[in-house]
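Hi there,

Here is the structure I promised to pass on. My notes on it follow below.

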Amino acid sequence: MKINNPGELAPFIQHTLIKPGTTHAEIVAHAEEAVAQNFGAVMVPASWIPEVAAVVRGTDVQVASALDFPTVGVMTSYGKAREAEAIAKAGAHQIDIGVQVGWLKSGRESDFRDDIAGVVDASGLPIKVMLELPLLTDDEKERAIELAMDAGAKWLKNASSGAIETANPDSVRYLVERVREGILVKASGSITGYDQAVSLIEAGAAALGTSAGLELVRGEGVSDSY
């Protein structure tokens, strides 16, 4: 897809606020920004979902949250499924989840898949799987993609955050070339510049996870910021 001006980025942006110590006023203001800009979604911690859902109600902005994050792969599968169920009941429309990279590397492919499937089944929501591509070998990447899709994931992500990978067109294209029909790709990780955001969308990303949404729709940032 071709982006012609900064405003066209808005539907792709998942406006993210996950910093510790965020206040009620900050969360509400963040949700209001998402509505004002017509962002695709607002990404917040699960504890703030009801407040955000109240702000975006009646708009096209979706409520998203994440679990087994920011430290990925530390929750039990049972705990992850129950939290996913609670997140859905609180008013979320979609969930990003961490995966058990260590299980995959240990050959526990069925457990890796079932961990994702448990969240899919318990929540009934579109699930976005953070694959942590830089931590995987080429063979592991291929298996992780297939197992996540087999588990019912509707989205695949290159990584959970910039601590793992700065979002880049190569990783996006890698996923786009491998997903089955109807499965989308989200780019995540230090998306801070307009040129960078455009390159990710042109590579095939259907969503951008970023805390710099306002700057992006103003056309701020330069290509050498990533």
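The axes of helix H3 (residues 77–90) and helix H5 (residues 109–123) come within 8 Å of each other and cross at roughly 30 degrees. Axes here are lines fitted to C-alpha atoms, for helices over the stretch in contact, with angles from 0 to 180 degrees between N-to-C directions; helices (H or I, at least four residues) and strands (E, at least two) are DSSP runs numbered from the N terminus. H3 and H5 are therefore roughly parallel, a label for angles under 35 degrees.

This is a predicted model, where local features need pLDDT of at least 70 and side-chain atom pairs count only at pLDDT 80 or more, while totals for chains, interfaces and linings use all residues. Residues are numbered from 1 along each chain as its sequence is written, and side-chain values use heavy atoms, leaving out hydrogens and water.

On the H3 side, Ser77, Lys80, Ala81, Arg82, Ala84, Glu85 and Ala88 meet Asp115, Gly118, Val119, Ala122 and Ser123 of H5 (contact means heavy atoms within 4.5 Å).

Next, have a look at Ala153, in the loop between helix H6 (138–150) and strand S6 (155–157). Ala153 is buried, with a relative accessible area of 3% (buried means under 20%, exposed over 50%, partly exposed in between, with a 1.4 Å probe and protein chains only). Leaving aside residues up to four places away in sequence, Ala153 touches Val120, Ile127, Val129, Ala148 and Ile183.

Finally, seven of the nine residues of helix H8 (residues 194–202) are buried, so H8 is largely enclosed by the rest of the structure. Those buried residues pack against helix H7 (169–176), strand S7 (184–188), strand S8 (207–210) and helix H9 (213–217). Just after H8, Gly204 has a positive phi of about 125 degrees.

Best wishes

Conventions: Angles under 35 degrees count as roughly parallel, over 145 as roughly antiparallel, 65 to 115 as roughly perpendicular and the rest as oblique.
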